[in-house]
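Here are a few exercises to work through with the model open beside you. Try each task before you read its solution.

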Amino acid sequence: MEVSINKDGNKTLVKIVGRLDTINVADFEKEITPVMTEPGRDMELDCSQLDYISSSGLRVFLMLQKRVPGAGGKLVLSNMKSEIREVFDMTGFSSIFTIE
Amino acid sequence: MKRVLIIKNEITEISTLVAFIESIGEELGLPPALIMSLNLALEEAVSNIILYAYPKEFDKDISIEAVKENNALIFTITDTGVEFDPTKGGDVDITLTVEDRPIGGLGIFLIKKIMNEVEYKRVDDMNVFTLKKLLE
């Protein structure tokens, strides 16, 4: 799993490549924590190369959806693969995230 | 088809589990989306055992057996850890707003959503967790 983080104007663009599972979720959290509550900054999670997510990954996403707006920013998930979207649908997460 | 995998109670063993599921999927010619959901259900079940079944103990075994019986794929996960029924819980209210969604509880919820049947038994000193998926 690789994470790349880039700043683009007022938006933080985070791209996740690979699997987000119980093994590597701690690494993802470590990368994302410093940037997740920068006041007023929006965040886009580019999921185009996110191949797999388990409940550990969903937990971190939920945390982001609680924290980013809490700091005044908007969180958007983009380009999600259909298998990942299915997991979001199953868990009701599709209705609590902005998915583009 | 019958395959058995024995892993240790270490989180890195999840990748061994992934390879096991992938090879079963290939052998049976299962569609990728189904392989992924089996992967997800098994990861949820096995990671719970790795994280909680053997508190402070290392080098303990967890066995995962996969059997194809008629049109069903049956996984039986066995461990000798603390007594724990993974089928309890998972009553997740998926209509709650983000503020009210608790962080936990999704693992067993996903298992129950993906698999057709789940069953837990305590046999002697072993937890035996059976997950069954009907194949199209």
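Helices (H or I, at least four residues) and strands (E, at least two) are DSSP runs, numbered from the N terminus. This is a predicted model: local features need pLDDT of at least 70, side-chain atom pairs count only at pLDDT 80 or more, and totals for chains, interfaces and linings use all residues. Residues are numbered from 1 along each chain as its sequence is written, while chains are lettered from A and ligands numbered from 1 in the order in which they are written.

**Exercise 1.** Work out how many helices and strands chain A has, and their order.

*Solution.* Start with the tally: three helices and six strands. Then walk from the N terminus, and you get β-β-α-β-β-α-β-α-β.

**Exercise 2.** Find where T22(A) sits, and say why it counts as buried.

*Solution.* Finally, check its contacts (C-beta atoms, placed from the backbone, within 7 Å): leaving out residues up to four places away in sequence, T22(A) touches S54(A), S56(A), I11(B), I14(B), E43(B) and S47(B).

**Exercise 3.** Describe the side of chain A that touches chain B.

*Solution.* Count first: 17 residues of chain A contact 21 of chain B. Then sort by element: α2 (55-70) and α3 (82-90) of chain A each give two or more residues, and α2(A) gives the most, seven.

Key: Contact = placed C-beta atoms within 7 Å. Buried ≥ 20, exposed ≤ 12 C-beta atoms within 10 Å, placed from the backbone.
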